Amino acid sequence: MKILVIGSGGREHALAWKLAQSQKVQCVYVAPGNGGTASDARLQNIPITDIHALCDWAQTEGIALSVVGPEGPLSQGVVDLFRSKGMRIVGPTKAAAQLESSKAFSKAFMKRHQIPTAEFETFSDPQLAHAYVDLKGAPIVIKADGLAAGKGVVVAMDLTQAHEAIDWMLTPDSSVVVHNEGGARVVIEEFLDGQEASFMVLCNGLAALPLATSQDHKRLLDQDLGPNTGGMGAYSPAPIVTPGIHAKVMREIIRPTLEGMMKEGVPFTGFLYAGLMISNSGEVKTLEFNTRLGDPETQPIMMRLKNDWVDVLMASTEPSAHSQDLSRQVHPLESIELEWDRRVALGVVLAAHGYPQSVRTGDAIEHLPKEAEDCMVFHAGTVSEGDHWKTSGGRVLCVSALGGTISLAQQLAYDAIKAIHFEGMQFRSDIGWRAKKGI
């Protein structure tokens, strides 16, 4: 069969790479793809970003299954469009994607359905927002309501940072935030202390298939210092998510979310990502929802997955009754048992000069290692020029490795990085440090 992966980042490269391993696949197309997907003989880039043009192309080409990587096309309604033409596609509808595209919607939804999350208020008036921050003090978290490519959250450790974040997020013509209908809004919430983890499930209505746990590293610099980024590295599994925590997340967060969406007439399909904050006492709260797989968490998770990914995703798109009757029939997704490599997978992001503020592109990338069973370089912000690559975005590559322990996976990844070079290359040297220290 022919399969389409929509997107151009490291997550999409990893998805396409895994799908191409299936014996059932004739070709995996990536739209628009990147330098890494362009240079892989098993993959083919399609330079289309408009969702209507892409839908027409997919129909003409006879695409059997499409998978949406990034949040942008989801918020534009790509799933609604493809389904209206009778095509199989993995992802939530535009209405369901509001769990990510609108922080205000997401937080209000959690409050309605008693899903544990941080205390919050939503503001569109800058004066009221500033007054609330002064009342609550710092540290405090400021979130843009609209999509902001992973840059819409500021963990303000002092009041100056908080006020600055409010000012730029509530600017009508902000170059980072895509404001939702009704104009600019911010969600201001309490600062939660603890350890973050990423919890992703593949869903169809009330059916939920949990993927392997993982942990992301959001800050730019070692020891979780510096500005927030889209993610500087990740590893899987995440030891902080114990069997007890896993059961609690499914019981208190995932299932109430799927039931709540069903009750509100917006059944959820595709990938649901719950960003968790786990306290030292084992209390779990929801930091945010994403309605797609995480990046860079997908890269190490795909390294560990042993199932035929095509079978899993095809099962997830089987029709569901989407009934509000919680005693519904079992969905095919629930009969699948995912198998995971026992080894630890760890991915380190190599970022461009100036990331995340002012990114420089066009730097030549040299000495990329060849694909190996235990090490893979996933491309994100790259373009290919013949047999060479250049940087074209903020997060350029994700070097991912498998090892029997977190230390071995870490060593393999960083050994591979030693050979890679591009001007201004920056990366963290401590991905996996919490798991390594057992904290």
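The model is predicted. Helix α12 (residues 309-316) is largely enclosed by the rest of the structure, because seven of its eight residues are buried.

- The buried residues of α12 are Trp309, Val310, Val312, Leu313, Met314, Ala315 and Ser316.
- At the start of α12, Asp308 points a side-chain oxygen to within 2.9 Å of the backbone nitrogen of Val310.
- Helix α1 (residues 10-19) packs on α12 with the axes 8 Å apart and an angle of about 105 degrees.
- The two helices are therefore roughly perpendicular to each other, since angles of 65 to 115 degrees count as such.
- From α1, the contact uses Leu15, Lys18 and Leu19; from α12, it uses Trp309, Val310 and Leu313.
- Five of these contact residues are nonpolar, one is charged and none is polar.

- Lys18 sits in helix α1.
- Lys18 counts as buried because its relative accessible area is 8%, and the cut-off for burial is under 20%.
- Beyond its neighbours within four places in sequence, Lys18 contacts Met302, Leu305, Asn307 and Trp309.
- The C-alpha atoms of Lys18 and Asp80 are 25 Å apart, and the two residues are 62 apart in sequence.
- Ser22 lies in the loop between α1 and β2 (27-32).
- Ser22 is buried too, with a relative accessible area of 8%.
- Not counting residues up to four places away in sequence, Ser22 touches Asp308 and Val310.

**Nonpolar cores**

- The largest nonpolar core holds 40 residues.
- Its members that touch the most others are Leu19, Val28, Leu202, Phe271, Met302, Trp309 and Leu313.
- Another core, of 29 residues, lies apart from it and includes Ala238, Ile245, Met261 and Ala274.
- Val28 contacts Ile3, Val5, Ala16, Leu19, Ala20, Arg42, Leu43 and Gln44, leaving aside neighbours within four places in sequence.

**Val90 in strand β5**

- Val90 belongs to strand β5 (residues 89-90).
- Its relative accessible area is 2%, so Val90 is buried.
- Outside four places in sequence, Val90 touches Leu65, Ser66, Val67, Val68, Leu202, Gly270, Phe271, Leu313, Ser316 and Thr317.
- Val90 and Thr317 are 227 residues apart along the chain, yet their C-alpha atoms are separated by 6.5 Å.

**Helix α7 and what covers it**

- In helix α7 (residues 103-112), the buried residues are Lys103, Ala104, Ser106, Lys107, Phe109 and Met110.
- Their cover includes two helices, α6 (98-101) and α10 (243-263).
- The cover also includes strands β6 (120-123), β7 (140-144), β9 (186-190) and β17 (284-290).

- Gln195 lies in strand β10 (residues 195-204).
- Gln195 counts as buried, because its relative accessibility is 7%.
- The side chains of Gln195 and Gln215 are joined by a polar contact of 2.9 Å.

**Cis peptide bonds**

- Ser236 and Pro237 are joined by a cis peptide bond, with omega about 0 degrees.
- Pro237 is in the loop between β15 (233-236) and α10.
- Tyr355 and Pro356 are also joined by a cis peptide bond, with omega about 5 degrees.
- Pro356 is in the loop between β18 (344-351) and β19 (364-365).

**Positive phi in loops**

- Asp224 has phi near 60 degrees, a positive value in a residue other than glycine.
- Asp224 lies in the loop between β13 (219-221) and β14 (225-228).
- At 25% relative accessibility, Asp224 is partly exposed.
- His367 is not a glycine either, but has a positive phi of about 65 degrees.
- His367 occupies the loop between β19 and β20 (375-379).
- His367 is exposed, because its relative accessible area is 57%.

How values were computed. Residues are numbered from 1 along each chain as its sequence is written. This is a predicted model: local features need pLDDT of at least 70, side-chain atom pairs count only at pLDDT 80 or more; totals for chains, interfaces and linings use all residues. Side-chain values use heavy atoms; hydrogens and water are left out. Helices (H or I, at least four residues) and strands (E, at least two) are DSSP runs, numbered from the N terminus. Buried means under 20% relative accessible area, exposed over 50%, partly exposed in between (1.4 Å probe, protein chains only). A polar contact is a pair of N or O atoms within 3.5 Å; within protein, one must be able to donate a hydrogen and the other to accept it, and residues adjacent in sequence count only if both atoms are side-chain atoms. Axes are lines fitted to C-alpha atoms, for helices over the stretch in contact, and angles run from 0 to 180 degrees between N-to-C directions. Angles under 35 degrees count as roughly parallel, over 145 as roughly antiparallel, 65 to 115 as roughly perpendicular and the rest as oblique. Contact means heavy atoms within 4.5 Å. Ala, Val, Leu, Ile, Met, Phe, Trp, Tyr, Cys and Pro count as nonpolar, Asp, Glu, Lys and Arg as charged, and the others, Gly among them, as polar. A nonpolar core is a set of buried Ala, Val, Leu, Ile, Met, Phe, Trp, Tyr and Cys residues joined through side-chain atoms within 4.5 Å.
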